[in-house]
Amino acid sequence: MYYGFGFFYYDWTLLLLIPGLLLGLVAQSLVRSRFRRYSKIRSYRGLTGAQVAAGILADAGLPEVEIEVVGGRLSDHYDPRTGKLRLSSEVAHSDSVAALGVAAHEVGHAIQHSRGYFPLHLRNAVVPATKIGSWLYLPIFIAGLIFAIEPLVWVGIGCFTLILLFQLVTLPVEFNASSRALAVLKDHGYLEPGELTGARKVLSAAALTYVAALVSSLLILLRLLLIAGKFNRR
Ligand SMILES: [Zn+2]
């Protein structure tokens, strides 16, 4: 048996994963540094993230969406199952340009949900399959290599593509929530043009983390395919 864990972990294709890892690290640090920077810039109207979120929700005809303040840094999200908009206290209670950008972005997800925005529903629909795929792909793939059962290798790769599919449909969902956020912040005068630039920078850094995740997964897929190809030629 040629294929053991040693081969699997240490062959040259491991190098393929490095650019994805680096891009992920760059994106993460960009989010943190931009959020920190624009958290210090207060918006001229002085409304907090929670106030702006409530205002946008009311204008969108969604007063039933409850705003909940939660702990943690950048833990802000919209929960489609409970219909709750959860804002970190840093965002909810701050009148900074960064806080307003993040709050409006999360409201963007609530509006997508209520308007039946297709990519969001598709993403929610593939979540269970993605979870199963991410648990199973590696054990199945490695078992296929160890026991030299080629179909298992391909089943493992198939499971991995479920993760890719999820990350792919996440992109339009996130980009759309940010463009909705920036449009409403501008149109309703929550932020002035100069302040909008700051909010846009925070949101584009956040979007880059989703792009980095997809790039990383594409490189992992390439690696799995190369390993499967070697397996095939024997
Ligand atoms: Zn989002």
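Which residue in β3 is the bridge partner of Glu-68? In this predicted model, the bridge partner of Glu-68 is Arg-86, which lies in β3. The two strands concerned, β1 and β3, pair in the parallel sense over five bridges.

**The sheet and its helix**

Three strands make up an open sheet, arranged in the order β1-β3-β2 and with mixed pairing. The edge positions are held by β1 and β2, each of which pairs on one side only, and from one strand to the next the twist averages 30 degrees. Helix α3, spanning residues 49–59, packs on this sheet and touches β1 and β3, its direction making about 160 degrees with that of β3.

| Strand | Residues |
|---|---|
| β1 | 66–70 |
| β2 | 77–79 |
| β3 | 84–88 |

**The α5 and α7 pair**

For helix α5 (residues 97–114) and helix α7 (residues 150–187), the axes come within 8 Å and cross at roughly 115 degrees, and the crossing in which α5 passes α7 is right-handed. On the α5 side the residues in contact are Leu-100, Gly-101, Ala-104, His-105, Gly-108, His-109, Ile-111 and Gln-112, and these meet Val-173, Asn-176, Ala-177, Ser-178, Arg-180, Ala-181, Val-184 and Leu-185 in α7. Sorted by class, this contact of α5 with α7 comprises eight nonpolar, seven polar and one charged residues.

Definitions and conventions
Residues are numbered from 1 along each chain as its sequence is written. This is a predicted model: local features need pLDDT of at least 70, side-chain atom pairs count only at pLDDT 80 or more; totals for chains, interfaces and linings use all residues. Axes are lines fitted to C-alpha atoms, for helices over the stretch in contact, and angles run from 0 to 180 degrees between N-to-C directions. Helices (H or I, at least four residues) and strands (E, at least two) are DSSP runs, numbered from the N terminus. A crossing is left-handed if the near helix is turned anticlockwise from the far one by less than a right angle, and right-handed if clockwise. Two residues are in contact if their C-beta atoms, placed from the backbone, lie within 7 Å. Ala, Val, Leu, Ile, Met, Phe, Trp, Tyr, Cys and Pro count as nonpolar, Asp, Glu, Lys and Arg as charged, and the others, Gly among them, as polar. Two strands pair if DSSP finds at least two bridges between them.
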